[in-house]
Every structure is written in C-alpha cells, then in structure tokens.
Amino acid sequence: MRMRSLLFRLSAAAAVLVVLAMTLAAFGLRAIFSREIDRRAAIELGQIVRTIAAQVRVDPQGGPVLDVALPDLRFETPYGGLYWQIGNAGGRFARSRSLWDFVLTVPDPRPKGERWETDLAGPAHSTLLAVVQDVSVPSPTGELSFPIVAALDRSDLAASQQSMFRLLVLSLSALGVILVIAMSVFIRLALQPFGELARGLQTIHAGTSRSLPGRFPDEVQPVVNDLNRLIAFHDAAMARAKTQAGDLAHALKTPLSILGAVARQAAGEGRQDLAAPIDEQLTQM
C-alpha cells in the first residue's frame with residue numbers, strides 16, 4: 001500500500017486513534033479498578049471488625065479476648081497478609097496468630113463507634129490497609145474501650161491490581177485489533193465508489209463508453225454529474241470540429257481543382273516557371 005494512498009492514510013489515522021483511545025481507557029479503567037479493589041477490601045475488613053466487635057470479651061485481668069477463631073486461614077499463618085488486633089491503653093493486646101510477634105501501632109482513637117480507614121506499618125516492612133474502630137466492651141469494673149484493627153497487606157492488593165491490569169491490557173489489545181480491522185474494512189467500503197469511478201473513466205478512455213453509468217453516493221454523485229457534463233461538452237466540441245473540418249475540406253476542394261487545372265494548362269503552354277510553383281503549393285496544400 002502506497003504512502004499517498006487515501007486508504008492507507010485513513011487506516012493509519014484510525015489505527016493511531018484506536019491505540020490512543022485504548023491506552024487512555026486502560027489507564028482510566030486501571031484507576032477505577034484499583035479504587036474498587038481498595039473499596040471492596042475496606043468493606044471486607046469492616047465486616048471483620050464488626051465480627052470481632054460482636055465476639056470480644058474482657059478476661060479477669062482486664063485484657064481483651066477473642067474466643068471464636070475467624071475462618072480465614074491467613075489469620076493463622078505467620079505474616080500471612082491478613083491480620084487483626086485488639087488492644088487497650090494499658091498495653092494488653094489480643095491479636096491474630098498471623099501477626100506473630102509484631103504489634104500494630106494504632107493511630108489516635110476517633111469517637112466511639114466510628115470506623116475509619118488508614119495505612120499502618122506491618123510486619124516485614126509491609127504496608128497495611130487497615131480499618132479501625134473503637135468499641136466499648138462490658139467488664140466487671142465497667143465498660144472498657146478497645147481499638148479493633150483489621151488489616152490487609154497492600155502487596156496482596158497490588159498483586160490483584162496487577163493481575164486485573166494484565167487481563168485488562170489483553171482484552172483491550174484484542175478489542176483494539178478488532179476495531180482497527182473493522183475500521184479498515186469500513187474505510188475500504190467507503191472508498192469503493194472511487195474505484196467504480198476510476199473503472200468508468202477507463203471505459204471512457206478505451207472508447208467503449210461515453211458517460212459514467214450507475215448511481216453513486218450523494219457525496220460523489222455531483223462530481224460524476226460534472227464529469228458527464230464535461231464529457232458531453234467535449235464530444236459536442238469534437239463533433240463541431242469534425243463538421244467544420246469537413247466544411248473546410250469541401251470549401252477548399254473546388255479552388256484546389258481550379259488551381260490544378262491552371263497548373264496543367266501552364267505546363268501545356270511550356271510555362272514551367274508558373275506551373276512548377278503552383279504544383280508545389282498544391283502538393284503542400
């Protein structure tokens with residue numbers, strides 16, 4: 001395909017626009033999916049906080065205790081990526097086995113009952129997405145306030161985001177290829193009238209037709225009409241020229257015959273100085 005081809009130019013422009021659109025869509029959808037993954041993770045952590053808040057109790061020493069094991073196996077795996085912790089101001093804690101020997105540093109408490117999200121430093125230099133809520137738990141000495149934390153390693157979220165982004169890139173790439181092929185087909189179909197126009201002009205050049213037949217799209221039909229009018233004007237001009245040439249030939253025939261007779265008469269009289277120039281001019285004429 002030549003660089004000056006209209007099909008090539010339009011197809012290349014369509015391909016560039018499709019790639020640009022797919023690229024912008026990929027980054028936009030990635031941002032949306034990332035926020036959605038964070039939001040869903042925060043919702044799940046909030047559910048864990050509510051579950052813990054409903055099950056926590058205070059032991060005789062005034063420390064928090066959670067008697068019910070949470071079902072996710074990551075809570076039982078040291079540094080498993082999913083953690084919970086219940087702590088009080090006196091430094092006594094209850095925490096998931098996954099935290100092992102690590103203690104989460106909880107930020108300043110908010111009003112009781114309010115749940116909020118934050119980032120915390122986790123084990124093995126990790127960063128955690130955490131949901132924190134202060135709850136009041138009854139005890140023999142009165143209600144005690146405990147901050148409950150449920151946290152998830154952000155590297156797990158990043159892995160989910162990367163997996164989603166890879167699938168997104170593959171899907172958008174396949175869609176982009178399909179769109180480029182479809183646009184090329186559509187452009188080729190849109191340019192078909194120009195091919196029919198070129199074939200019609202070839203038949204005119206070959207002399208097998210004297211007009212462009214058929215009905216073309218509204219955008220092309222005015223050009224076809226003008227070409228047909230131009231061809232008709234050219235044919236009429238040629239016809240007039242042929243008629244004029246025939247009239248001219250007929251008008252010259254009698255004078256030339258007379259001049260020929262004069263030349264022959266002069267030659268018969270031996271006047272070659274007159275007959276020779278007349279014959280020469282007659283031959284040229």
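Val185 is found in helix α2, residues 154-190. Helices are DSSP runs of H or I with at least four residues, strands are runs of E with at least two, and both are numbered from the N terminus. This is a predicted model, in which local features need pLDDT of at least 70, side-chain atom pairs count only at pLDDT 80 or more, and totals for chains, interfaces and linings use all residues. Residues are numbered from 1 along each chain as its sequence is written, and side-chain values use heavy atoms, with hydrogens and water left out.

**A surface patch**

Val185 counts as partly exposed because its relative accessibility is 41%.

**The cores**

Now the inside. The largest nonpolar core has 25 residues. Leu45, Ile48, Ile52, Trp84 and Ile86 have the most contacts inside it. Such a core is a set of buried Ala, Val, Leu, Ile, Met, Phe, Trp, Tyr and Cys residues joined through side-chain atoms within 4.5 Å. Two or more residues come from each of α1 (6-55), β1 (56-58), β3 (82-87), β6 (127-137) and β7 (144-153). Helix α1 gives the most, with seven residues.

Ile52 shows some of these links. Leaving aside neighbours within four places in sequence, Ile52 is in contact (heavy atoms within 4.5 Å) with Leu66, Leu70, Trp84, Ile86 and Ile148. A second, separate core has ten residues, including Leu99, Trp116, Leu128 and Ala151.

How much of β7 is buried? Eight of its ten residues are, so β7 is largely enclosed by the rest of the structure. Two strands pair if DSSP finds at least two bridges between them. β3 and β7 pair in the antiparallel sense over five bridges. β6 and β7 also run antiparallel, joined by ten bridges. Leu152 in β7 is the bridge partner of Leu82 and also of Leu129. β6 and β7 form a hairpin with six residues between them. Gly142 in the turn has a positive phi of about 115 degrees.

**The loop at Pro107**

Pro107 lies in the loop between β4 (93-95) and β5 (115-121). It counts as partly exposed because its relative accessibility is 30%. Not counting residues up to four places away in sequence, Pro107 touches Trp116, Thr118 and Leu120.

**Salt bridges**

Side chains of opposite charge can pair when their charged atoms come close. A salt bridge here is a side-chain nitrogen of Lys or Arg within 4 Å of a carboxyl oxygen of Asp or Glu. A search of the whole structure finds five.
|---|---|
| Glu36 and Arg39 | 2.7 Å |
| Asp38 and Arg154 | 3.8 Å |
| Asp119 and Arg154 | 3.0 Å |

Glu36 and Arg39 are separated by about one helical turn, because they are three residues apart in helix α1. Glu36 counts as partly exposed at 31% relative accessibility. Arg39 counts as partly exposed at 44%.

The pair of Asp38 and Arg154 links distant parts of the chain. Asp38 is in helix α1 and Arg154 in helix α2, 116 residues apart. Asp38 is partly exposed, with a relative accessible area of 24%. Arg154 is partly exposed too, at 25%.

Asp119 and Arg154 also link distant parts of the chain. Asp119 sits in strand β5, 35 residues from Arg154 in helix α2. Asp119 is partly exposed, with a relative accessible area of 44%. Salt bridges that share partners join Asp38, Asp119 and Arg154 into one network.

Note on methods:
Buried means under 20% relative accessible area, exposed over 50%, partly exposed in between (1.4 Å probe, protein chains only).
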